[in-house]
Amino acid sequence: MASFGRQVVNSTQRCDVRIMCVCACGGNRYDCTAAGRVDTGDSSMKIERIETFQVQWSPNDTPAQRSAFVRVWTDDGLYGIGEASPMQGGIASLLMIQHDIAPALIGADPLDHAVLQDRLTHKLVKLGPEGALTGALAAIDIALWDIKGKMFGQPIYKLMGGGWRTELPFYASIGGNGIERSLDDVLRHVETRMKDQPAAIKIRFDNGRVDLDSQIPDHIEKARAVRKQVGDKFPLAFDSNNGYSTGGAMRVGRVLEELDYWWFEEPVQHYHIQATGEVAQRLSITVSAGEQTYTMGGLAELIDAGVRMIQPDIVKMGGITGLQRCAALAHAHGVELVSHQTQPTVGHLANMHVVAAQLHATKPIEWNDPSDRMHSVFDEVPKPVNGLFKLPDRPGLGMDFVEDKLAERRIDVTG
Ligand SMILES: [Mg+2]
């Protein structure tokens, strides 16, 4: 079906997907090798329909354990893929898309992604401006950028102005190291993940957030043991996942400073912004927060409080458009932006495109525990080679569904 012949079109004609074409309008010439669409103003391409579905990774997955995806189709037959925050399986976000967002998008120009996001944010703000709504809009934004890349035949980072880097070091993000996991088991997990050649390791301590400080001795013992395991020079990070009071955080933070950890993530409850700022200002270790912040205003408050490293998540707020804005905010204030990202496929790739185009990438990108989710329904899921994730040079995100594999695991969420 694909023909790589060359076709001349005028300013309003469309060329078929994967046919190389040249626009000879107004003396300008545009190549659109992969996506097959030429435009000199209003693209006239319209959003035609939006699919919302979960992917079930294991037959025993509960609905809350599945991932949440969207596929946005245009009337040209192009589509883009997006992912919503997986909290509770992303079901609330997918239903919002079906009921509240899709009706406003059908017939819109996908290239208007930023306008559409801002319009819908304000229109739907009373649904709750944080969480499910921002996750839904993030999924749509990522899908529209995927369409945009396919339309212009370029990887997304190129459309953002180019990449400062196209091979990205990563840190291995290891969860579940709290009281439920023995010290020996923590060390085994670290040893296993070191085989992927990460640039750093982050150990995460999960808790119910309702019994602050109760596990501090266990956490400190494990932080010391991991430092001893990897040696003095290897970069380490520590994520308490909101486990401490302000005083408890100071106690742990001073140990992390003694152990030369690189950063201390979410030391106190995320909604205690002043307390987070106090911990950040009183410790010399870099204190980070922001993965549970869903607005630019919220990030600005963290920065005002004294946080010097923010961690917005591309599938929780803003999508690609939003994370670009966060990078500008961080840059304007001289604050590090080290994005949070634990979804191994669409979220990870979208994040990689933004980090590639980000001026200062002071720390490696996050890579969560590897799992079957990386391989099951996509054709070219990013995997590290010699400790680096390479940006694909395909148009758009650079990854696509394998339809028969997707059909085996797909569960429509339509409400
Ligand atoms: Mg975290």
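Reader: Which residues point one way from E7, and which the other way?
Author: This is a predicted model, to begin with. Ala 200, Lys 202 and Arg 204 point one way from E7. Ile 201 and Ile 203 point the other way. All of them are buried.

Reader: Take Ile 203. How many other C-beta atoms lie within 10 Å?
Author: There are 22. The cut-off for buried is 20 or more. Ile 203 is therefore buried.

Reader: What is Ile 203 in contact with, apart from its neighbours in sequence?
Author: Leaving aside residues within four places in sequence, the contacts are Ile 174, Asn 177, Lys 222, Val 226 and Phe 238. Take Gly 176 too: its C-alpha is 8.2 Å from that of Ile 203, and the two are 27 residues apart in sequence.

Reader: Which strand does E7 pair with, and is it parallel or antiparallel?
Author: E7 pairs with strand E6, residues 167-174, in the parallel sense. Four bridges join them. In one of the pairs, Ser 173 has Lys 202 of E7 as its bridge partner.

Reader: New topic. In what order do the four strands of the open sheet come?
Author: The order is E5-E4-E3-E15, and the pairing is antiparallel. The edge strands are E5 (79-84) and E15 (410-412), each pairing on one side only. From one strand to the next, the twist averages 35°.

Reader: What holds strands of a sheet together in general?
Author: They pair through backbone hydrogen bonds, either parallel or antiparallel.

Reader: How many bridges join E3 to E4?
Author: Eight, between residues 47-55 of E3 and residues 67-74 of E4. Gln 54, for instance, stands opposite Ala 68 in E4.

Reader: Which strands of the sheet does helix H1 touch?
Author: H1, residues 91-105, packs on the sheet and touches E3, E4 and E5. Its direction makes about 175° with that of E3. Helix H3, residues 132-152, lies across E4 and E5 and runs at about 150° to E5.

Reader: What else does H3 pack against, and at what angle?
Author: H3 packs with helix H10, residues 319-333, at an angle of about 100°. Their axes are 6 Å apart. Roughly perpendicular covers 65 to 115 degrees. H3 and H10 are therefore roughly perpendicular to each other.

Reader: Which residues make that contact?
Author: From H3, Leu 137, Ala 138, Asp 141, Ile 142 and Trp 145. From H10, Gly 319, Ile 320, Thr 321 and Gly 322.

Reader: Now the largest nonpolar core. Which members touch the most others?
Author: Of its 99 residues, those are Val 72, Ala 136, Ala 139, Ile 140, Ala 143 and Ile 310. H3 gives the most to this core, with 14 residues. At least three residues come from each of domain 2 (47-154) and domain 3 (158-394).

Reader: And Ala 139, what does that touch?
Author: Not counting residues up to four places away in sequence, Ala 139 touches Val 70, Gly 82, Glu 83, Ala 84, Ser 93 and Val 315.

Reader: Last one. How many helices and strands are in the chain?
Author: Twelve helices and 15 strands. Of the chain's 415 residues, 47% are buried.

Conventions
Residues numbered from 1 in each chain as written. Predicted model: local features only at pLDDT ≥ 70, side-chain atom pairs only at ≥ 80, totals over all residues. Pairing = 2+ DSSP bridges. Helix = DSSP H or I, 4+ residues; strand = E, 2+ residues; numbered from the N terminus. Axes fitted to C-alpha atoms, helices over the stretch in contact; angles between N-to-C directions. Contact = placed C-beta atoms within 7 Å. Core = buried A, V, L, I, M, F, W, Y, C linked by C-beta atoms within 7 Å. Buried ≥ 20, exposed ≤ 12 C-beta atoms within 10 Å, placed from the backbone. Domains from an automatic or database assignment. Parallel < 35°, antiparallel > 145°, perpendicular 65-115°, else oblique.
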